[in-house]
Amino acid sequence: MKSEADLFAGAHRLEDMSISLIRIVMDKAKAMADAGAPVVPFVAGEPNFNTPEPIKEAAIQAIRENYTHYTSNRGLPALRACIARQMQADTGLRYDPETEIVVTSGGAEAINNALIAMLNPGDEVIVFSPAFINYENVARICGASVIHIPLKKKNGFQIDVDEVRAKLTPKTKMIVMNNPCNPTGVLYTKETLEQFSKLIVENNLLAFSDEIYSRLTYDGQSFYSLASFPGMRERTIVMNGFSKTYAMTGWRIGYLCADKRMMPHIMKVHQYSTTCSPTFIQVGLAKAMEAPETKRAVDDMVAAFTQRRRLILDGLHTIPQLDFVTPRGAFYVFVDVSGTGLSGEEFSNRLLEKTYVATVPGIGLGKECVDFVRFSYATSDENIIEGIKRLRTFTAEL
């Protein structure tokens with residue numbers, strides 16, 4: 001008979017997994033705010049905007065019209081058709097909405113489905129560091145080995161293709177990338193992606209490309225999907241969604257686009273994870289995501305992020321102890337705080353405790369990132385101005 005300790009022990013495959021430090025800081029900051037502290041949040045990768053009105057109204061109407069039953073495991077056909085049009089407009093890529101697109105319950109489920117569907121125990125997966133923590137943890141659930149390749153500030157956090165080549169082994173099956181990148185804000189150049197894609201094709205590898213921030217780019221820079229390069233469409237699983245661009249984090253809606261040869265495996269995982277995403281949400285999106293008012297709302301949000309980026313960068317430039325690579329995408333700045341004499345974790349913890357400014361220690365996004373802190377500027381202009389003011393005072397007093 002098993003002991004009580006054995007009975008309630010977690011599955012062994014979870015032993016190498018870690019809890020997200022982002023969520024730990026978010027919970028701590030929320031508890032402080034609930035207790036009355038004037039917290040300035042630079043933590044969550046969540047727009048402080050509300051979902052565009054046409055989407056909300058269409059979803060409410062869908063409930064009234066009783067779109068409250070199952071839909072296809074793959075997702076509502078009308079929404080998949082919208083996604084196919086959006087993908088073609090943004091990337092030039094054509095995906096068959098019948099066989100090559102699946103709607104998921106958020107980006108997290110999309111990551112889960114894709115990696116579990118394609119990875120076996122003993123496979124090696126290359127993950128660039130720092131990175132969104134889900135990639136590594138889901139790969140470990142699969143029994144795969146995670147090979148980290150640190151992205152270096154001196155290289156502008158761009159991928160070093162020669163370093164990737166040196167890490168390849170006969171066990172390497174997949175490379176995971178996020179473009180634009182959370183947490184560095186880097187937008188990978190066309191030249192980098194061309195070299196990177198050639199390496200993947202030459203070595204017959206799979207790629208998982210998280211492109212959730214693809215529409216959030218700045219300084220006139222262009223986004224290029226990894227799947228758009230020669231030989232890459234058939235070997236790349238593209239993830240995208242509605243959380244960031246449409247301010248729909250709480251709706252939990254995303255999607256995967258992949259070659260039809262991979263989709264049956266992905267569908268097996270998806271079918272036994274969520275069956276299908278809520279039907280009324282899919283109906284609402286299908287009816288409203290292409291509406292002119294929705295498109296204007298998205299354009300307004302991107303313009304606001306552009307302004308907020310200017311505010312936070314201008315503010316950070318006035319603090320000599322801090323250093324960073326100018327972000328060209330997403331809504332994060334990855335700040336090197338080593339000039340303060342503190343580690344990123346010490347800096348972030350003290351900043352929160354003393355000034356109520358909440359940030360994410362870089363160590364939570366990559367073991368090599370001990371000197372860094374992530375700032376999210378998906379918050380209000382007022383919060384950015386006040387947060388920079390407190391940050392300037394805090395660093396001056398160190």
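**Close-up views of a predicted model**

**View 1. Thr379 in the loop between E13 and helix H13.** Thr379 is found in the loop between E13 and helix H13 (381-396); helices (H or I, at least four residues) and strands (E, at least two) are DSSP runs, numbered from the N terminus. The model is predicted: local features need pLDDT of at least 70 and side-chain atom pairs pLDDT 80 or more, whereas totals for chains, interfaces and linings use all residues. Residues are numbered from 1 along each chain as its sequence is written, and side-chain values use heavy atoms, leaving out hydrogens and water. With a relative accessible area of 7%, Thr379 is buried (under 20% relative accessible area, 1.4 Å probe, protein chains only). Beyond its neighbours within four places in sequence, Thr379 is in contact (heavy atoms within 4.5 Å) with Pro41, Phe42, Asn48, Arg308 and Ile384.

**View 2. Cys369 in the loop between strands E12 and E13.** Cys369 lies between strand E12 (360-361) and strand E13 (372-376). Cys369 counts as buried because its relative accessibility is 5%. Leaving aside neighbours within four places in sequence, its contacts are Pro130, Phe334, Gly362 and Ile363.

**View 3. The largest nonpolar core.** A nonpolar core is a set of buried Ala, Val, Leu, Ile, Met, Phe, Trp, Tyr and Cys residues joined through side-chain atoms within 4.5 Å. The largest has 93 residues, of which Leu79, Leu115, Phe208, Phe242 and Ile312 touch the most other members. Helix H11 (residues 292-317) supplies the largest share of this core, eight residues. Another core, of 39 residues, lies apart from it and includes Ile22, Ile149, Val164 and Val325.

Key:
Buried < 20%, exposed > 50% of the residue type's maximum accessible area, 1.4 Å probe, protein only.
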